[in-house]
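Hi,

Here's the structure I promised to pass on. Have a look at it first, then read my notes below.

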Amino acid sequence: MTSRAGDESTTAEGVGAGQPAPPGDLELAGMEIPEDAGDHRDALIDILSRIPPHWGRWIDCEAGWFPLIVELHGQLLELDPNYVVRQVKEKFGSLRYYAGSSIADPVAQQRFSTLLEIAERFSTTVCEVCANPARLSVSNDSEPWHKTICTTCAQNVAANTGRVFRPHVPPPR
Ligand SMILES: [Zn+2]
């Protein structure tokens, strides 16, 4: 009796374990959707779909900046529903959102550029890890890393990796 019941449950499990799922449309389109995208998943997919496939369709920053990126995307869409994205990444501790507008109106083009600049500057006040208020910081490495990170996340990084981030103090003018 006991062994027979065991056989049945094994059979049931065997039925459940089918073949691996075929790759989805997004995967086929070469998109790397961040696993921690959460509520921002659809907007991030829309952003990724605007990157020409040969550029590499990924977002190279941590999840703390996703709300900022999605808000910027919404503002750009209002100006130009057909705008194109080339790259979204972190560089020297701030956001780089490389995008091009398809509109001819110079005033709208200027507004487009200004939105990018504002978002990039604002990113140096938002923790790239957790989205809380933060400061642009530098690490204690011999070749220092720049990262906009809050005190709590910096403590976690220090505990896990030994890398210590301190707020970046701009040189006196
Ligand atoms: Zn943080």
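Let's start with two helices. In helix 4, L68, L72, Q75, L76 and L79 meet A108, R111, F112, L115, A119 and F122 of helix 5. Sorted by type, the residues of this contact come out as 9 nonpolar, 1 polar and 1 charged. Keep in mind that this is a predicted model.

How do the two helices lie against each other? Helix 4 and helix 5 pack with their axes 10 Å apart, at an angle of about 175°. Angles over 145 degrees count as roughly antiparallel, so that is what helix 4 and helix 5 are to each other.

Next, the core. The largest nonpolar core has 29 residues, and those touching the most other members are W65, L68, I69, Y97, C127 and I149. At least two core residues come from each of helix 3 (41-49), helix 4 (66-79), strand 2 (84-91), strand 3 (94-100), helix 5 (106-122) and helix 6 (151-161). Helix 4 gives the largest share, 5 residues. As a bit of background, nonpolar side chains in soluble globular proteins tend to be buried together.

Now the strands. Strand 4 (residues 135-139) pairs with strand 5 (residues 146-149) in the antiparallel sense, over 4 bridges. These two form a hairpin, with 6 residues between them, and L136 has T148 in strand 5 as its bridge partner. Strand 4 also pairs with strand 6 (residues 165-167), again antiparallel, over 3 bridges. There, S139 stands opposite F165.

Cheers

Technical notes:
Residues are numbered from 1 along each chain as its sequence is written. This is a predicted model: local features need pLDDT of at least 70, side-chain atom pairs count only at pLDDT 80 or more; totals for chains, interfaces and linings use all residues. A nonpolar core is a set of buried Ala, Val, Leu, Ile, Met, Phe, Trp, Tyr and Cys residues joined through C-beta atoms within 7 Å. A residue is buried if 20 or more other C-beta atoms lie within 10 Å of its own, exposed if 12 or fewer, and partly exposed in between; C-beta atoms are placed from the backbone. Two strands pair if DSSP finds at least two bridges between them. Axes are lines fitted to C-alpha atoms, for helices over the stretch in contact, and angles run from 0 to 180 degrees between N-to-C directions. Angles under 35 degrees count as roughly parallel, over 145 as roughly antiparallel, 65 to 115 as roughly perpendicular and the rest as oblique. Two residues are in contact if their C-beta atoms, placed from the backbone, lie within 7 Å. Ala, Val, Leu, Ile, Met, Phe, Trp, Tyr, Cys and Pro count as nonpolar, Asp, Glu, Lys and Arg as charged, and the others, Gly among them, as polar.
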